[in-house]
Amino acid sequence: MHPSTLSIAPLMRNWRTIVFAGVLGLVLAVLVSFVRPLEYSSSTRLLITQELGDVDAYTSARSTERIADILSSVVYSTDVFDKVLSSGYPIDETFFPADETKRRKKWENAVVTSVSRSNGYLTITAYHPDVAQAEEFVRAVAYILSTDGWQYVSGGNISVRIIDDPLNSRYPVRPNLVVNGVSGFVLGILAGAGYILIMTERLRLRHQVVHEG
């Protein structure tokens, strides 16, 4: 009999155990997900442009991407964070710990930025257990970048314009229960299959020792 057939046979015989392990992994993953608060999201887009004069389209696009990358990183700076808190938007400062290191980490986890390479868009997404607070985060960051963004990049003629109103999620999006559940199920399946194969191999070796003895 082919060795691969020998490996598959015990898995087929114990498929119920493997499925049970998968379901158990799914349940555990979902339960662990609830350890952290469920968070809503709010996102907006900024359009970044730069007047460079008589240059080719490729050079202009590369310059815009570079500026978007810089502003994307600047969002996580202490300077922008302090401006967010003093921006006049109703930000709940108690959401952030008193310890400076923990405050920075909390801020970096609360706001995510991404740059579109094709059109100069900078997307800002904020997460918070209160969707209204997530929206205020986004509004504050977008306002600061649109008014003070030029201060963080070299060169003039920079334009940062808010082109989308904040889009809020209707349901919590973090942690992602579906993704976590599927991952837990798959890991449970793999763990169950591995357990079956290990136990089968141990039983085979035990029988082999008994027969040789």
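Thr64 lies in helix α3, which spans residues 57–74. Helices here are DSSP runs of H or I with at least four residues, strands are runs of E with at least two, and both are numbered from the N terminus. The model is predicted, so local features need pLDDT of at least 70, side-chain atom pairs count only at pLDDT 80 or more, and totals for chains, interfaces and linings use all residues. Residues are numbered from 1 along each chain as its sequence is written, and side-chain values use heavy atoms, with hydrogens and water left out.

Is Thr64 buried or exposed? Thr64 counts as buried because its relative accessibility is 10%. Buried means under 20% relative accessible area, exposed means over 50%, and partly exposed falls in between, with a 1.4 Å probe and protein chains only. Leaving aside residues up to four places away in sequence, Thr64 touches Ile48, Gln50 and Gly120. A contact means heavy atoms within 4.5 Å. Arg117 is 53 residues from Thr64 along the chain, yet their C-alpha atoms are separated by 9.0 Å.

Now step back to the whole chain. Seven helices and five strands make up its secondary structure. From the N terminus, the elements run α-α-β-α-α-α-β-β-α-β-β-α. Of the 213 residues, 33% are buried. Among contacts with a separation of 6 or more, 76% join residues 24 or more positions apart. The accessible surface is about 13000 Å², and carbon and sulfur atoms hold 60% of it. Such areas come from the Shrake-Rupley method with a 1.4 Å probe; for residues, only the protein chains shown count as cover.

Next comes the interior. A nonpolar core is a set of buried Ala, Val, Leu, Ile, Met, Phe, Trp, Tyr and Cys residues joined through side-chain atoms within 4.5 Å. The largest one has 32 residues, and Leu71, Val84, Phe96, Trp107, Phe137 and Leu145 touch the most other members. Two or more residues each come from β1 (40–50), α3, α4 (78–85), α5 (100–110), β3 (121–128), α6 (131–148) and β4 (158–162). Helix α6 gives the most, with eight residues. In soluble globular proteins, nonpolar side chains tend to be buried together.

Beyond residues up to four places away in sequence, Leu145 touches Leu46, Leu71, Val75, Leu122, Ile124 and Val160.

Finish at Ser41, in strand β1. Ser41 is buried because its relative accessible area is 14%. Again excluding residues up to four places away, Ser41 touches Thr125, Ala126, Tyr127, Val131, Ala134, Leu167, Asn168, Ser169 and Val173.
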